[in-house]
Amino acid sequence: MNLIEVQPVKFSFFEKPPASSLNQAFVYVNGENNFQVVKNGDRLTRSDLRAGKYTKVYIVNMATQNYQSEEEYLSLDRGRSFLINLSIDYKVVDPISLVQQDAGEIVNFIKKKLPYWLEEITTDYSISDAKRVKKHIEDLHEHSSMVAGLKQVGIVVSDINVLVKQSRSDQEHDKKYWDIDREGELAEHEREVKQRQALALAERIQKEIEAGNLFNALLLSEENKAALEIVQGRIANQEKFRAEVQDQVRKLISDPTVDRIEVEQQLEKIRVYFPSENFAETKNNNNRNDYAEDPLDDLRSVYQSTKGE
């Protein structure tokens, strides 16, 4: 955008010269390169216009302008850069200087000077010092070579806003690692959920086993291979143990030197080891044939035959 528009001066006895405003100034020039500025709502009189012999008028845009830039600049760290988003508000304060130096296309000047000024700053800072870079730019922009050059052509910087980040490549790099970390966290969460579910299932299975409900424990573990193997192992061990105890009791009952009271004590031990077994008590202490239906009836039969009862 060009801040200057040039027009020939046209004198008229019937029309007044145009009035300036806060956003528009006029710079009149005659053949001898004498300049006359009109701004802040003023205007030349027809007499002044004719007496000055002005031939051209430069219409200068005095409104605040904005320039925005987002570029990467090297840091102190090798291969690492800052991504700087810069917003500059500027305005013309000296229209004559702007016209004399033909600086209407001031954006080109800013584009040319800005990289040199910013890189002078950024190369002194490590990539971790983004906040310090931002403060440096905001606090010291008035002393920069770029701002000094703008003042020479009648322009001042009225405001500057800076956002300093890591370069785009660094951000992409960090995002990849963030994605990896996130996937790891999700996987860890899934493992924790499965672990909690497995522990809850194991607790239920354990309770069923302790209660002697091995069939229920087997059903609970069907959908979990590891739990199924554990339950099957527990069943095998328990059956092995049961067989060993029954074998010992059978031998004990077959022993003619063991009396009935000791046999009954052994049966009580079996009830302790296998609480789920329905070992009934004898109906009559004086009648060994009065046992209720019991999984060890065959053992009692062996015992009775060895005692001759």
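Visitor: Which residues does Ser69 touch, not counting residues up to four places away in sequence?
Guide: This is a predicted model, and in it Ser69 has its place in strand S5, residues 65–74. Leaving out residues up to four places away in sequence, the residues that Ser69 touches are Ile84, Asn85, Leu86 and Leu114.

Visitor: Is Ser69 buried or exposed?
Guide: The relative accessible area of Ser69 is 11%. Buried means under 20%. Ser69 is therefore buried.

Visitor: Leu114 also takes part in the contact of H3 with H5. How are H3 and H5 oriented to each other?
Guide: The axes of H3 and helix H5, residues 145–152, come within 8 Å and cross at roughly 155°. Angles over 145 degrees count as roughly antiparallel. H3 and H5 are therefore roughly antiparallel to each other.

Visitor: Which residues of H5 meet H3, and what is the hand of the crossing?
Guide: From H3 come Ile106, Phe109, Ile110, Lys113, Leu114 and Trp117. They meet Ser145, Met146, Gly149 and Leu150 in H5. As for the hand, H3 passes H5 in a crossing that is right-handed.

Visitor: How many residues of each class are in the contact of H3 with H5?
Guide: Lys113 is one of the residues H3 brings to this contact, and Lys counts as charged. Gly149 lies on the H5 side, and Gly counts as polar. By class, the contact has 7 nonpolar, 2 polar and 1 charged residues.

Visitor: How are H3 and H4 oriented to each other?
Guide: The axes of H3, residues 106–122, and H4, residues 130–140, come within 10 Å and cross at roughly 135°. An angle over 145 degrees would count as roughly antiparallel, and 65 to 115 as roughly perpendicular. H3 and H4 are therefore oblique to each other.

Visitor: Which residues of H4 make the contact with H3?
Guide: On the H3 side the contact is made by Trp117, Leu118, Ile121 and Thr122. The residues of the contact divide into 5 nonpolar, 2 polar and no charged. On the H4 side they are Val133, His136 and Ile137.

Visitor: What separates the C-alpha atoms of Asn108 and Met1?
Guide: Asn108 has its place in helix H3 and, at 48% relative accessibility, counts as partly exposed. Asn108 and Met1 are 107 residues apart along the chain. Their C-alpha atoms are separated by 9.5 Å.

Technical notes. Residues numbered from 1 in each chain as written. Predicted model: local features only at pLDDT ≥ 70, side-chain atom pairs only at ≥ 80, totals over all residues. Heavy atoms only, no water. Axes fitted to C-alpha atoms, helices over the stretch in contact; angles between N-to-C directions. Helix = DSSP H or I, 4+ residues; strand = E, 2+ residues; numbered from the N terminus. Parallel < 35°, antiparallel > 145°, perpendicular 65-115°, else oblique. Contact = heavy atoms within 4.5 Å. Buried < 20%, exposed > 50% of the residue type's maximum accessible area, 1.4 Å probe, protein only. Left-handed = near helix turned anticlockwise from the far one by under 90°.
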